[in-house]
Amino acid sequence: MNNHACVTGWGMYVPERVLTNQELEKLVDTSDSWIIERTGIRERRVVADHETASTMATEAARQALDRAGLEAKDIDLIIVATVSPDNYYPSCGCQVQDTLGAKRAAAFDLGAGCSGFLYALSTATQFIKTGAYRNAVVIGAEAFTRTLNWEDRGTCVLFGDGAGALVLQACQEPFGLRSFLLGADGSGGKFLYLRNLCARPGDWPENNRPQMYMDGPEVFKFAVGSMVNTAREAIKMAGLSLSDIDLIIPHQANYRIISSMTRFLKIPEDRVVINIDRYGNTVSASIPVALCEAIRDGRVKDGDNLVLVSFGTGFTWAGLVLKWGVPAEVGKRSLSQAGASRGDGQGGVK
Ligand code: ACO
């Protein structure tokens, strides 16, 4: 029985529109230097009118399928991690399924905030490990800037839009997830939320347009300890120690959070992927986009142990160890059909 789920394709999409800190200075009472010093963000991408979570998800998925040498008809399962879908229903997953023409695929959305992509990756892996499905596409996609209050300087400077996707395939070789840890503490929900239309009307903001609320310092306090403990635990569950880890790909929420995690774990920063300066916090998309860029930059090699770790609204947290490598049985097809070489990166930033 094929009881591993390895990554055979990857892709990303970010909107063309770059919103710089200097532009934000004109919108709210903020400054480039404050944003850089307190968050590490210099610019972020923002959706154009024609772009949504599902259009970006579809583009990222197309690239990932191309790299894997798979066609839409081969897909058994599509999971889209998102908290900014185009509709309450139908799901982004169904929209992606239709646009790709993945007629055999089951499709659904999964919402766990910034931990959503790792929740989705862990979920898809279980479907493959049980033998239920062979080929899955896991996507993190967010048009999150559409949820923002552009008059609230405490939140509008932090976020950006984008999507990243991985193809998972059943394989015999021991690649893919070596461990995963998912957690939640709903008592943290009051610190970071966006009400929806089904909330009690009295819970809506006065202007009746649902907008995100965040208590930044409370989220920050939770984030650092959570990232450190989750990374440590996921590594232990994989039977490894920190010295076995080649690269950490953390959720990109704030450079200070990543840097504190790095200090507590006592790992050099060159073993951590950081791209928050160019994208801000893209919520579910942040980890797959960072992974795609790390592959493009030649930072991920066959046999590497990667740690992916995140925290998010809920509160939720997730961490996993991913053994990187494309097995010969699927890799050869991937290389010849997609014309891609392993480790050649994403190449599809719009
Ligand atoms: N520009 C200038 N000043 C600002 C800005 C801004 N953009 N935002 C806040 N300030 C001011 C505040 O008003 C405050 O001023 P005061 O001292 O006069 O009252 C001062 O800066 C300090 O504010 P804090 O909120 O204490 O600033 P802090 O250093 O905590 O940084 C930040 C704020 C960046 C939001 C930080 O708390 C943070 O990153 N928190 C975590 C956020 C996060 O990770 N969210 C994840 C969401 S993901 C999801 O699942 C949706």
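Is C92 buried or exposed? In this predicted model, C92 has a relative accessibility of 0% and therefore counts as buried.

The cysteines were examined for pairing, and zero disulfides were found in the structure. C92 takes part in no disulfide, the nearest cysteine sulfur being that of C94, at a distance of 9.7 Å. For C171, the closest cysteine sulfur belongs to C6 and lies 3.4 Å away, which is too far for a bond, because a disulfide requires a pair of cysteine sulfur atoms within 2.5 Å. C171, with a relative accessibility of 0%, likewise counts as buried.

C92 also belongs to a helix contact, in which it is one of the residues contributed by α4. Helix α3, comprising residues 53-68, packs with helix α4, comprising residues 92-100, at an angle of about 55°, and the axes of the two helices are 9 Å apart. The two helices are therefore oblique to each other, and the crossing in which α3 passes α4 is right-handed. On the α3 side, the contact is made by A53, S54, A57, T58, A61, R62 and L65, while α4 supplies C92, Q95, V96, T99 and L100.

Note on methods:
Residues numbered from 1 in each chain as written. Predicted model: local features only at pLDDT ≥ 70, side-chain atom pairs only at ≥ 80, totals over all residues. Heavy atoms only, no water. Buried < 20%, exposed > 50% of the residue type's maximum accessible area, 1.4 Å probe, protein only. Axes fitted to C-alpha atoms, helices over the stretch in contact; angles between N-to-C directions. Helix = DSSP H or I, 4+ residues; strand = E, 2+ residues; numbered from the N terminus. Parallel < 35°, antiparallel > 145°, perpendicular 65-115°, else oblique. Left-handed = near helix turned anticlockwise from the far one by under 90°. Contact = heavy atoms within 4.5 Å.
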